Structure formats: C-alpha cells, structure tokens
Amino acid sequence: MTNPDAVVIGGGLIGLCAAAAMASRGLRVTILASSRPGEASPAAAGMLAPSVERATGPAHDFAVAARDRYPAFLATVEERTGIRVPLNRLGILQVALSERGVRGLQKGALPTTKWLDSGELQQLEPALHNALGAAWSPDDGAVDNVVLLRGLEALADSDPLITRLYESAASVAPRPGPGVVVSTAAGARIDAGHAVLAAGCWSSAVGGSGLAAAVSPARGQLVSYPAQPLRHVVYGPRGYVVPRGDVTIGGSTMENAGFDASTTSEGIARVRSAAEEICPPLFDAAPVKAWAGLRPVTPDMLPLLGPDPANAALIYACGHSRNGVLMAPLTGDVVADLVTGSPLSYDLSQFRPARF
Ligand SMILES: Cc1cc2nc3c(=O)[nH]c(=O)nc-3n(C[C@H](O)[C@H](O)[C@H](O)COP(=O)(O)OP(=O)(O)OC[C@H]3O[C@@H](n4cnc5c(N)ncnc54)[C@H](O)[C@@H]3O)c2cc1C
C-alpha cells in the first residue's frame, strides 16, 4: 500500500465526513474503522438543533453554519451514491407544559424563534394537545443519521482515493520529518502526512493522543414507537420526540455508565414518560425498539477540533458531545482545510484541543 496523505481513525459520521472532504480535495485517505457496541452515529436521534442545544459565541455560529451546510452536503451524497438521505427542515418546536414553562421559553427565545400559542400549535400539530404553547425555531430539524451513515459508507467505498480498513488503531506518533506513524492493534504501521482522530468516546484509548483524555462516554437511551403522530421534531421539558419515516423516536437519558451501552428498564421508563408527556398519543403505541449509544462528551460539550500543539500532523476531530450529527459535514470541511493548509472560514478558538 502506498502511504496515504491522511489516516482517519474512526469510521463514524465524523471520520467518514472528514475522509470524504479530504478525498474531494484530491488527498489519498485511509480510514481505520473497527466497530464497538454503543457507537454514537447510528444510535443518535439525528436532530439538527443549534437553536435548542445552544452554544455561545462563535461555537453557536459554527453550529448554525453546520445546520445550513446540510442540504448541499446531502445533495452531494445523493449525486455520488444514489442514496437519498431524509432531511426534515420543518423547524423544531419546544413545547411548554406549564405556565412556568411558557415564561422560561419566552424569556430564553432567540431572535429567530417564533412563539406559537396553543391554538396555532394545535393547528400545526394536533397531537400536541397537552401544550400551552411552543417556541418554534423554523430552520432547525433532523436528518436520518442511519441512512446518512449508509450513504457515507457507500461514498467511501466508491471513492478511489479512500481505503477503508476494518482495523483498530493503537497509537499515533510523530515521525522524523513531517507526518505521523499510525500503528494498528494488529501490529501494522502506516506512515501518513496527517492522522485525524475521530474515534468518538474511545479517542483517549489511542496512544499518543493525550489531549483526548478530555473525551468520555455519556450514555443515551432511546425508544422508537410504531406511530407517526407528528411531522415536527419536538422538545419537551424532560426529553424530545423525533419523527423518522414510519416511526417516532423518543429520547433520551444522559448517564455516566462508562462504556456500558446496554439499556435499563428504569432508563427506558424515563424516556417513555418524557416522550408521552410531550405527545400523549404515543402512550397507546407500545415501543417496538429500545437502544442506547455513547456520546463522546467533553466538559464544555464542545468538540476538540484542531491540531495537537505538540504534533501538528495529528488533528483532533472528536468529542462532539450532543451535536456530532449536526456538526459532522462542517467538521469534515474544517479537517480538510487544516490538512491542506487552506484558510479557515470559522473561528475555532472554543474548540482548541488543549483547552482543558
Ligand atoms: C442517544 C444519542 C442521541 C444523540 N442525538 C443526537 C442528535 O440528535 N443530534 C446530534 O447532532 N448528535 C446527537 N448525538 C451525538 C452524536 O451521535 C455524536 O456526537 C456523533 O455521532 C459522534 O460521531 P463520532 O464519529 O465522533 O463517534 P462514533 O459514531 O461513536 O464513531 C466512532 C467510531 O470510531 C471507532 N473507533 C473507536 N476507537 C477506534 C480505534 N482505536 N481504531 C479504529 N476505530 C475506532 C468506533 O468503533 C466507532 O465506529 C446523539 C448521541 C447519542 C448517543
């Protein structure tokens, strides 16, 4: 195998988007992808919710730009693979179920948010008859992250510049002169110009990537109901519901359970209660499926995105916490900019890998 320009460690949404973006700039990329229970990308709810899962400063601007990157990005995926990834841009509703909730939502509203009273809300979504009103963020929405993952895998497999190896990376080390050596768990060594660390909540286990110690797993449990009472993504005070095809997803817990990606009866009961409080018709639809995933979280819930100050050929792209689906395509663009030395279009100061 000739040496690639870059090795991507991790084949989730972040790794695949980074690989696709680098290949689109003419770079030869090897992805090291080994699977583990609890991978976040297939487990996620797929919301594109920068107005709700809100950051401050340039991180918020980045999240908004990431959301707005989606239509063109999915058009490219479809053009390259024939896979059409469902995108819901009807906006996200945050419902108030009490007068206190009304006051809280109205006080925290962004200029882009519109308040809907209960009559307007019922017209839009009759199934939300419990709610006193809702804040509507018209440009947010959701993507089907499971189909997206399939589309990106197909794109990687059809791109002659991308090689996917089903192997685990053990370590990354600087090599004499520019570049890195990535060692695999099976003992192979790959020399490359750059390594991109996108191993989700397992990133800190890759030797030579000390700053990834800031990334840890946070378990989220979800259910899906065999019913479609809603068209919009809806947040309530204790959870959210997301329409996806012919099912509705309810989520989610946020737990410190280490790397244990199993569901618990207590967690699922909490998720169901939060979803059914938002959308009472779900109460009558027994969940068909329950699962859990491990979010790669950092102490400030923002990603590590940028080069290692001690090894500029190692790029961190991990720790996207609750917004990794949202940020994946734009993260890929940024990784490609960093690796090719192109000017950056975004202020990444809040994502500095060495900030902890
Ligand atoms: C329950 C839940 C709900 C979520 N909902 C949303 C949402 O609505 N919107 C949103 O934007 N985000 C959401 N997220 C967050 C989002 O899913 C993550 O931030 C994102 O998927 C992270 O992608 P990733 O590629 O970094 O990690 P992952 O998808 O976990 O992928 C990492 C990959 O790296 C592999 N790997 C690990 N170590 C190695 C190694 N040494 N060598 C090779 N490969 C390795 C793993 O096996 C895995 O395949 C949710 C997450 C969860 C769990």
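# A tour of charged and aromatic contacts

Begin by selecting Glu153, which at 26% relative accessibility counts as partly exposed (buried is under 20%, exposed over 50%, partly exposed in between, with a 1.4 Å probe and protein chains only). The model is predicted: local features need pLDDT of at least 70 and side-chain atom pairs 80 or more, while totals for chains, interfaces and linings use all residues. Residues are numbered from 1 along each chain as its sequence is written, and side-chain values use heavy atoms, without hydrogens and water.

Arg164 belongs to strand 9 (residues 162-165) and Glu153 to helix 6 (residues 145-158), so the bridge ties together parts that are 11 residues apart in sequence (DSSP runs numbered from the N terminus: helices H or I, at least four residues; strands E, at least two). With a relative accessible area of 17%, Arg164 is buried.

The structure holds 19 salt bridges, and a further one to select is that of Arg219 with Asp260, where the closest N and O atoms are 3.7 Å apart. Arg219 sits in strand 14 (residues 216-225), whereas Asp260 is found in the loop between strand 17 (247-251) and helix 7 (265-278), so this pair ties together parts that are 41 residues apart in sequence. Here Arg219 is buried at 5% relative accessibility, while Asp260, at 38%, is partly exposed.

Move on to helix 7, where Arg270 and Glu266 are four residues apart, which separates them by about one helical turn; their side chains meet in a salt bridge of 3.2 Å, N to O.

Turning to the rings, a search of the whole structure finds five aromatic pairs (Phe, Tyr or six-membered Trp ring centres within 6.5 Å; planes under 30 degrees stacked, over 60 edge-to-face, the rest tilted). Select Phe62 and Phe351, whose ring centres are 5.2 Å apart and whose planes stand at 80°, so the pair is edge-to-face. Phe62 lies in helix 3 (residues 57-81) and Phe351 in the segment after helix 8 (324-340), so that the pair links distant parts of the chain, 289 residues apart. Phe62 is buried at 1% relative accessibility, and Phe351 is buried at 0%.

Finish with Tyr235 and Tyr240, whose ring centres lie 5.6 Å apart with planes at 55°, so this pair is tilted. Tyr235 is buried, with a relative accessible area of 8%, and Tyr240 is buried at 7%.

Note on methods:
Salt bridge = Lys/Arg side-chain N within 4 Å of Asp/Glu carboxyl O.
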